[in-house]
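Here are my notes on the model you sent over.

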Amino acid sequence: MSTVLDKLRGRLGQSAPRPDGVPKVRGQFAFSSDMFAEGMLWGHMLRSPHPAAAIRSIDVSQALLIPGVRAVITSDDVPGRKTYGLDYPDQPVFAWDVVRFMGEPVAAVAADHPDTARRAAAAIVVDYAPTEPMTDPAAAVDAAPIHPLGNVLHRQWVRCGDPEAVGAVVVEGRYETAMQDQAQMGPESGLAIPGEDGGVDLYIATQWLHIDQEQMAACLALPLEKVRLHLAGVGGAFGAREDLSMQVQICMLALRTGRPVKMVYSREESFLGHVHRHPAVMWYRHHADRDGRLVKVEARIILDGGAYLSTSTAVTMNASCMAPGPYLVHNAVVEAVAVRTNNPPCGAMRGFGSVQACFAHEAQMDKLAAALGMDPVELRLRNVLKQGDSLITGQVLRGTAPVADVIRTCAAAPLPTGGPQTAAELELPGGAGRTAERTRVRRGVGFAVSVKNLMYGGGFDDYSSARCRLEDGVATITCAAVEVGQGFVTLAQQIAREVLGVADVILAPPGTADIGSAGSTSASRQTWMSGGAVQKACFAVRERLFSCTATKYGVSAETLAILDGRVVSLDGQIDIPVFEAAGGEVLEETVEFHHEPTAELDQNGQGDAFVSFAFAAHRAVVDVDLDLGLVRVVDITTSQDVGRVLNPVQLVGQLEGGIAQGVGLAVMEEIVLDHGRVRNPSFTDYVIPTALDMPPVHIAALIEEPEPGSPMGAKGAGEPPMISSVAAVVAAIRNATGLELPRAPVRPQDIALAGASRGPTLASSPNNVEVSQ
Amino acid sequence: MLVFLPVSLEEAFDAFEQCPDAHFLAGGTDFMVEVNFALRRPPAVVCLRRVEELQGWRVEGSEVVLGAGITYTELLAPRLGELLPGLAQASRTVGSPQIRNAGTVGGNLGTASPAGDSLPVLAALDAKIVVASKHGRRSLELADLIVGPKRTTLAPGEVIVEVRVPAALGSQQFLKVGTRNAMVIAVANVALVADWAGRSVRCALGSVGPVVIRAREAEEFISARIDWEGRTPPSDGDLAEFTALVRSAARPIDDHRSTADYRRHSVGVCAERALGRVFSGDNREASERTSWAS
Amino acid sequence: MGELIDYQLRVNGRERDVAEAWLGESLLYVLRERLGLPGSKNACEQGECGSCSVLMDGKLVCSCMVLAASAVGSDIVTVEGLGDGDDGLSDIQAAFVAEGGVQCGFCTPGFVVSVHDLLEHNPDPTELEVREAVSGNLCRCTGYGRILAAVKAAQETRRG
């Protein structure tokens, strides 16, 4: 009995361990790059070295002559639609006639050995006529189109209230965020195996199996059921795996050669072969009255969408609708435009449009506080959104909105003790480089708050499918929700244990053949959507279990409950283990879970486009070397609106992990472009925080107000940590230096060459937070 | 056999004679990147990792003689760290623990990257590099070995075998500017040695030119201004002039890692701080800070 | 493809044959693709992420930076060779699972090997020493918090 109870520890609200944890620590978990099939070939992609060029000809004859080469394919070989795309198929499987970004696939090879494939790709002769790349998004709006569909990918206006409203105090600014990369550790990889029926089985790391299947079937000219996707182990995603990468190309190679084909991107290819976070340029003007109440927000946001559409439409929608942040604003004029350029395509990354807007709106709030001579935390509290308030889209906040609580708890948390005078040498800016001079290191504190819409909206019918099968007291859950590391597999087991009182929960391998779509592992949606679907399926099975029991024992099903792995009746007459209650019957239910319908935005950006919102606050403490401009992030304290904590350890992992990506964008991460060319596609030059860069995270509060409509009361928690952490860190650097620093990441030269060596005074800082030393 | 695993220099030279287009391989941390990325396809490789003569270190008179195969991790060990504090400081900034276990001083010299972390220290210490081949040995200055980015004067069949450096010379400082706190390529680095006995300051700059640059004018200027008897810190004016001369010695470029302006600025800051530290007593031996690393 | 060679490697205490391999293959490639040991991960192939960390003659190295054929005669230990105990997990592996040090898991084998190496040489490191010791292992999911918690837990278990 005690062992059963032990296993039942993993119910909702407890830190159940991951079911894939043991194979992962032993190196036995099969990631997509670990796949193997007898007789398999290796695929390799040939990519454009030019950001813009006409293709005059492609000669593959030399490649085919290399011993061990089995196939070379180009656009001419695509059996079906030659383009794909999440929203609209504007991106070629292989470029023909023209290449629009550096790294665009032009051909692919299959060979016996990866090195042979690589050499064969190099032997393909492509005659390019390079053209001048269009790389300035502002100029691209009105420039000659670089694609038949034009250069404006999406324009979103949001207008509410009185456009002529004027506040007594006005602050404005121009802000920029750079192109960030997801830099997931597992490179894109997959294994395609040709089927005897002319179809293909693809083992792939992705974020949404069924949307890949749809796009692939169109390109491969195969019926859906002949394109069978199976989830292979996913080494992180963060948005990088929302778009197709190699899916169509390796299936073409497998179908062409009749042999399994494996492809693994190098890190360089990974950087070139997936979308990035949209760089943004943002102009903001805030109007407030003398008491600090926001009167009007004006914003113009230009997002560089790169060469193809990807998810630019939704990113633009988020950036525009979330433009003012988590504050009540009655009058707004916001325009966000995503533009096509010859830069690398941009699309989904954790935070999805909100990261950029937050960087700007929080800098504006600090500026406004300085202009008003008001404490920046107080200014924010004075303007917070509350349940019942309207967003600038006119949507009324019907769910929970504990914005004031996240702000108050985060701001009230104690600041870290010590300072640059007492820190260990390795903890000073510059670390082991021993560059810091303690007397020239200044501490700063910054604060920021964010809002993120959860799940897909804008009229999209967002749903997830799940099946629960109960047999001999063991539950098997089938759901195509992709586990990317976030811990859905743990949650699915917790839900089944909670609802059915069973100890053993098996998760069937996700694939397209066995179950309907679960939607994407993105938009902080799987806990709500696929968690909701699993819960609904388990409820349906439990109902049947109760009715079996009721019939058998002649009691009313309404009197039955599950307690500690047993079916019990309220009168105490029935008390039997779950596996007995089913009486040998196999109970199986398959369900779909849909969230509340949403609406499309109208031409003024008005409409109930979103389902739910999550809020977070971050306070950053940094030490800055004023002369060298090097920054050490000392501490991040956060509070987050989570609805309900379902697995404490996993939740903390989401917060810490998201904050690390925020710290990265704030102080080091940037895809460096030079006329459309990516200059740093490697982990040597695209630097992400190491354990020596990432500060401890202190969680001031997890605000648990169960969200109405959420199946378990929880809100998605993956994105908020990434959003305001960026703004908070940069605010702290402003506080330390007194500089305006309108761009993320803050580069050493932005500080060192801005005259910071004069030494700032705290009074001149835009973020007048008290410093503790 | 196309991969040779010699245990002596003689065997290594024999291997090269058999296969004159073979590549000599030290720790592999640069070479394997090029092989993995198909930038290099060696027809044969002579691995130097087990060559006896390249291992370890010894003291000869006032010099430390480092086998070229000594790793950065070995340079961080307490005893050696005391004798060569600047090199220990530099070693600690190289890559990661994994890279420091594999990468060698000989490899750093042979690769001749403008950003090689050990190179400014060796330049500031006027290290002698001993190279050898079947036909004999020669000893040369760093500037005569490394003549351009990734370009050396090593003749075919020649191997870097030893690096000779003065032991515990004066006060040594190494500072490295990078965009994160670990595992980073230098945006700029500075090695500075104050030779109290020889009454000279030597200052070498890395990552701010095609090769390591000795800031000779700055060295001469400050060496003449320092109160060597009293060891009092230089005046603010002298320090400012020294910093300016260091900056003017740098020949940095703009690239994806930084800008020329920032590099020029930062070598000045680092050199100024390095000089300040040799007078301020912030001159603890590297081994004190890194004793756990042994 | 150039010259093919045959050799033997000693991995996790066993002699393993490598036949007809291209001489430019890294130890990482040979482990993963020829010896059926995919626990060491390929995330950068240039020594900048630590996902492929192994112990070679007791030293922590990136297996992508080792020419496989040069490892002849060396003792190689991969993540697959670390497990012990009833459940096949080392104390460190168990701590990673229990403390939430695993998310996507791609960096995990490399971290596990690095932490084994650290605690072997320094059984009771400070948190800062742990951070420096794993600074060559990149993780994109966890922000390192739960990984550091796992190391601490393993340390405490060993301390008893």
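1. What percentage of the 773 residues of chain A count as buried? The answer is 66%. Keep in mind throughout that this is a predicted model.

2. Staying with the overall build of chain A, its secondary structure comes to 18 helices and 33 strands. The radius of gyration is 27 Å, close to the 28 Å that the globule rule gives for 773 residues, so chain A is as compact as a globular protein of that length. On contact order: take the contacts in chain A between residues at least 6 apart in sequence, and 81% of them join residues at least 24 apart.

3. A helix pair in chain A deserves a look. H16(A), residues 648-667, packs against H17(A), residues 720-737, with the axes 7 Å apart and an angle of about 40° between them. Because angles under 35 degrees count as roughly parallel, that value makes H16(A) oblique to H17(A). The crossing of H16(A) past H17(A) is right-handed.

4. Who makes that contact? From H16(A) the residues are Gln654(A), Leu655(A), Gly658(A), Ile659(A), Gln661(A), Gly662(A), Val663(A), Leu665(A), Ala666(A) and Val667(A). H17(A) answers with Pro721(A), Met722(A), Ser725(A), Val726(A), Val729(A) and Val730(A). Sorted by class, the contact of H16(A) with H17(A) has 11 nonpolar and five polar residues, and no charged ones.

5. Now to chain C, which has five helices and five strands. Going along the sequence, the pattern is β-β-α-β-β-β-α-α-α-α. A compact globule of 160 residues would have a radius of gyration near 15 Å, and the 16 Å of chain C agrees with that. Along the principal axes, the C-alpha trace of chain C spans about 50 × 30 × 25 Å.

6. How much of chain C is buried? Buried residues make up 67% of its 160 residues. As for sequence separation, 57% of the contacts in chain C between residues at least 6 apart join residues at least 24 apart.

7. Chain C has a helix pair to check as well. The axes of H2(C), residues 91-99, and H3(C), residues 108-121, come within 10 Å and cross at roughly 130°. H2(C) and H3(C) are therefore oblique to each other, and their crossing is right-handed. On the H2(C) side, Ile92(C), Gln93(C) and Phe96(C) meet Thr108(C), Val112(C), Val115(C), His116(C) and Leu119(C) of H3(C). The residues of this contact divide into five nonpolar, three polar and no charged.

8. Last, the contact between chains B and C. Chain B puts in 25 residues and chain C puts in 29. On the side of chain B that touches chain C, helix H2 (31-36), strand E3 (45-47) and helix H6 (97-102) of chain B each supply at least two residues. Which of these elements gives the most? H6(B) does, with five residues. By class, the residues on that side of chain B divide into 16 nonpolar, seven polar and two charged.

Key. Residues are numbered from 1 along each chain as its sequence is written. Chains are lettered from A and ligands numbered from 1 in the order in which they are written. This is a predicted model: local features need pLDDT of at least 70, side-chain atom pairs count only at pLDDT 80 or more; totals for chains, interfaces and linings use all residues. Axes are lines fitted to C-alpha atoms, for helices over the stretch in contact, and angles run from 0 to 180 degrees between N-to-C directions. Helices (H or I, at least four residues) and strands (E, at least two) are DSSP runs, numbered from the N terminus. Angles under 35 degrees count as roughly parallel, over 145 as roughly antiparallel, 65 to 115 as roughly perpendicular and the rest as oblique. A crossing is left-handed if the near helix is turned anticlockwise from the far one by less than a right angle, and right-handed if clockwise. Two residues are in contact if their C-beta atoms, placed from the backbone, lie within 7 Å. Ala, Val, Leu, Ile, Met, Phe, Trp, Tyr, Cys and Pro count as nonpolar, Asp, Glu, Lys and Arg as charged, and the others, Gly among them, as polar. The radius of gyration is taken over C-alpha atoms; the globule rule is 2.2 Å times the number of residues to the power 0.38. A residue is buried if 20 or more other C-beta atoms lie within 10 Å of its own, exposed if 12 or fewer, and partly exposed in between; C-beta atoms are placed from the backbone.
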